[in-house]
Amino acid sequence: MSQDKKSLLVIEDDPGLQKQLRWSFDAYEVFVAGDRESALALVRRHEPAVVTMDLGLPPDPDGASEGLATLAQILELAPDIKVIVLTGNQDHGNALKAIAAGAYDFHQKPFDPEMLGLVVERAYYLHALQQENRRLSQSQASPIIAGIITRDPALIKVCRNVEKVAPSDATVILLGDSGTGKEILARALHQASARREKRFMAINCAAIPETLLESELFGYEKGAYTGAVKQTPGKIELANEGTFFLDEVGDLPMPLQAKLLRFLQERVIERVGGRKEIPVDVRVVCATHQNLKKLIEEGRFREDLYYRLSEIVITIPPLRNRMGDPALLAHHFKNKFCAQEKRLSLNFSQEALAAIENYPWPGNVREMENCIKRVVIMADGPIISVDDLGLQVSTSLAEPINLRHVRDRAERDALMKALARVDGNVVKAAELLGVSRPTIYDLMNRHRLK
């Protein structure tokens, strides 16, 4: 069979219909199965894009139980497969059950070869569109957001979500460990919104004493307390028509939580010592590294405030979960600080890169930046060693899944890691992986990596 032919799996126990379907689809590479076991074996081996199947399979040729069970297992193995059910005139109810279970379409027997051919062709087209969409979503080498450097699909998805949410006025809460870039994403929300020409005001609830925080947020009137010699607007008021970023909102004291809740509900504020309500039009973005739901259970955070703040929740993955990013960021920061410190060529040893990739980075990107800056300043020779980094390394194991998926994912991950380690140098990546340079280009094309 030609390798250019599309694979089609026919699940049918009637030898006559098997021959008829083979003849009808001679333009495809047709595999035939007469029972559930052989059908599943062919799905595992060939992963066809489209399957036609009769629901009446042995040991229940007059019913649909075996066919429906086979359908469920096929979709469990390969959820993207398009299954077209062939049914008799009296099997309309079972056909509907199959559609509800995830089948793509159904066609009645005796089948019209031309009509069934159109249904199969349309199924291949839809499958190809879905696969191309997945490849395109994985092919983004870096998100558009300035300040974010990544090849990790999860973080790229976060950046896409930020771009989707930015044009609205919905209140957004950014959740993530310290050092993951919450303020960068908050500023990106502002820059991508209609409020970009107005102010972006930020305040860190954990950095300001509780006694001063209310005045910082809401402002104060002249004479409100000793030392208040003039009327002073707060950060919320100064952000009018712009964006107000409330960092570490989990550290907000309970009395101020009530006042912030009233502002979010009414969109008016009162300065400390004032009696006048001041309307404020502002987009609110919050961030925290804490588990707010746990704080609610402990009575340290208001549940009603949480639901006001969390109209849109965006969770930022930690650096340890971002595939290929530790080495990528290490090269970026090394180049940046070498230029700042006027150091000539500095390179990581392979052992140092392995340590960077396996270290959990509890401080995330901020810790990485500080570590590489220290190394660039303190390194004696042209090679950065493991000892220069001073990292205590731990290892982790990969989870087992479908063999073909394991191979494809492992190949893509190894390629991403190799390119990150050598800072995008294809020749060095080929040497590291033990393959030729044309093979690297073929792999990059196959996995849509730039």
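Predicted model: local features only at pLDDT ≥ 70, side-chain atom pairs only at ≥ 80, totals over all residues.
Q: What makes a space a pocket and not a cavity?
A: On a 1 Å grid over the protein atoms alone, a cavity holds points where a 1.4 Å probe fits but cannot get out; a pocket is an open set with protein on both sides within 12 Å along at least five of seven lines. The second largest pocket has a volume of about 430 Å³, the space filled by probe spheres set on grid points joined across faces, edges and corners.

Q: Which of the 21 lining residues are closest to the centre of the second largest pocket?
A: They are G179, T180, G181, I184 and V365. A lining residue has an atom within 4 Å of a point. α7, α13 and α15 each give two or more residues to this lining. The largest share, 4 residues, comes from α13.

Q: Why is a set of residues called a nonpolar core?
A: Its members are buried Ala, Val, Leu, Ile, Met, Phe, Trp, Tyr and Cys, joined through side-chain atoms within 4.5 Å. The largest such core has 32 residues, and L217, I236, F244, L246, F263 and F301 touch the most other members. α10 gives the most, with 5 residues. A second, separate core of 26 residues includes V365.

Q: How do you know that β13 is mostly covered?
A: Buried means under 20% relative accessible area (exposed is over 50%, partly exposed in between; 1.4 Å probe, protein chains only). In β13, 6 of 6 residues are buried. R283, V285 and A287 cover one side; V284, C286 and T288 cover the other.

Q: What makes β10 and β13 a pair?
A: Pairing takes at least two DSSP bridges between two strands. β10 and β13 have 4 and run parallel, so they qualify. L246 stands opposite C286 in β13. β6 also pairs with β13 in the parallel sense, over 4 bridges, and L175 stands opposite T288. Strands here are DSSP runs of E, at least two residues; helices are H or I, at least four; both are numbered from the N terminus.

Note on methods: Residues numbered from 1 in each chain as written. Heavy atoms only, no water.
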